[in-house]
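Here is a short note for a colleague who is new to this structure. Please read the points below beside the sequence and the model.

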Amino acid sequence: MPAVTVSDLLVLPRTNRIDRSISTSRSVSSITNAPKGHEGEGFPVRRAFHGVDLAYLDPFIHMDQMGEVNYAPGEPKGTPWHPHRGFETVTYMIDGTFVHNDSTGGGGIIQNGATQWMTAGAGILHIERPPESLVVSGGLFHGIQLWVNLPARSKWTPPGYQNLESDKVKLVTTPDGGALIRIVAGEVDGYAGPGATMTPINFVHATLEPNSMVELNWPSNFNALVYVLSGQGFVGSDKASIKTGNLSVLGRGDHITLYGDERNAPDKLELLILGGQPIKESVAWHGPFVMNTRSELQEAFDDFQSGKMGRIPSSYQH
């Protein structure tokens, strides 16, 4: 699971030491386990937010861990053309390659630590699939797709993209050099990731060495979610045990505490750390549309059927 890495963590800037006399570590409110399923044309996923109330996830809506799978030749799969409206999709490729195309003529390649941040806004059609070379050869495929809700005032914004190449991700380490912190979006201890967000959020991928500890300052008005991509360790002021596929919802506080487990050696603990300022608006969500009211949902389906969200380019029609 390389994503973006460096050979010597000690060359990186360091996060701040936490003053525990004035800062409160967040405790664990709940831990759930992501069930396995399939998406699109049949690629395997873990449903990271399954069973968690949207009130605790806000402003996030949905997250899939795609893979980790090592495809044989001919096996790689993607998604068919489909619409979105009312939110943003964040596709973070840890290993492997995905190709994206859309009804506006946009597109690009997402691979090995890169992120594509798509603002669906008022509506768009898109497709994500492995490149033909990967279909022929097979290979490793592992990534994340996160859905970030848009506030009502932004749901009708024109569609847009940010292609966040892997070399743009902000890399920092802890004071003792025991973890690699990748900041994709938001800000941690004054270090900002490249992603520009329409609502305040943090999106962080952390790799912890066995027996290491990470303390990250976290805005007290943000929620905090910790998802285990692989490995085992501990989280929170109560040092709750976590393992692959677990999602921890943390309570109130000023910082997040994470621990790598020495029993995991020589493997490392891989985590996604997410948080944001809740939008606190009603959510009407069905399939590929996330709106505020049922009438807006019906309008979205009608607009899709009538072609108002765009049409599949002729080069993709058979």
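Contact here means heavy atoms within 4.5 Å. The model is predicted.

1. **Surroundings of Lys 155.** Lys 155 sits in the loop between β11 (139-149) and β12 (160-164). Neighbours within four places in sequence are set aside here. Lys 155 is then in contact with Gly 86, Gly 121, Ala 122, Asn 149, Leu 150, Val 290, Met 291 and Asn 292.

2. Lys 155 is buried, yet it has no salt bridge. The nearest side chain of opposite charge belongs to Glu 281, 6.2 Å away. A polar atom of the Lys 155 side chain does lie 2.9 Å from the backbone oxygen of Val 290.

3. **Gly 276.** This residue is part of strand β24 (residues 269-276). Gly 276 counts as buried because its relative accessibility is 0%. Beyond four places in sequence, its contacts include Asp 58, Pro 59, Phe 60, Pro 200 and Ile 201. Asn 221, Phe 222 and Asn 223 are also among them. Asp 102 is 174 residues from Gly 276 in sequence and 28 Å away in space, C-alpha to C-alpha.

4. **Largest nonpolar core.** This core has 33 residues. Phe 49, Met 63, Leu 146 and Phe 203 touch the most other members. Elements giving two or more residues to this core include β4 (60-71), β11, β17 (201-208) and β24.

5. **Phe 49 and a second core.** Not counting residues up to four places away in sequence, Phe 49 touches Leu 57, Met 63, Leu 146 and Leu 274, among others. A second, separate core has 25 residues, including Ile 183, Val 188, Leu 216 and Trp 218.

How values were computed: Residues are numbered from 1 along each chain as its sequence is written. This is a predicted model: local features need pLDDT of at least 70, side-chain atom pairs count only at pLDDT 80 or more; totals for chains, interfaces and linings use all residues. Side-chain values use heavy atoms; hydrogens and water are left out. Helices (H or I, at least four residues) and strands (E, at least two) are DSSP runs, numbered from the N terminus. Buried means under 20% relative accessible area, exposed over 50%, partly exposed in between (1.4 Å probe, protein chains only). Lys and Arg count as positive and Asp and Glu as negative; His and the chain ends are not counted. A salt bridge is a side-chain nitrogen of Lys or Arg within 4 Å of a carboxyl oxygen of Asp or Glu. A polar contact is a pair of N or O atoms within 3.5 Å; within protein, one must be able to donate a hydrogen and the other to accept it, and residues adjacent in sequence count only if both atoms are side-chain atoms. A nonpolar core is a set of buried Ala, Val, Leu, Ile, Met, Phe, Trp, Tyr and Cys residues joined through side-chain atoms within 4.5 Å.
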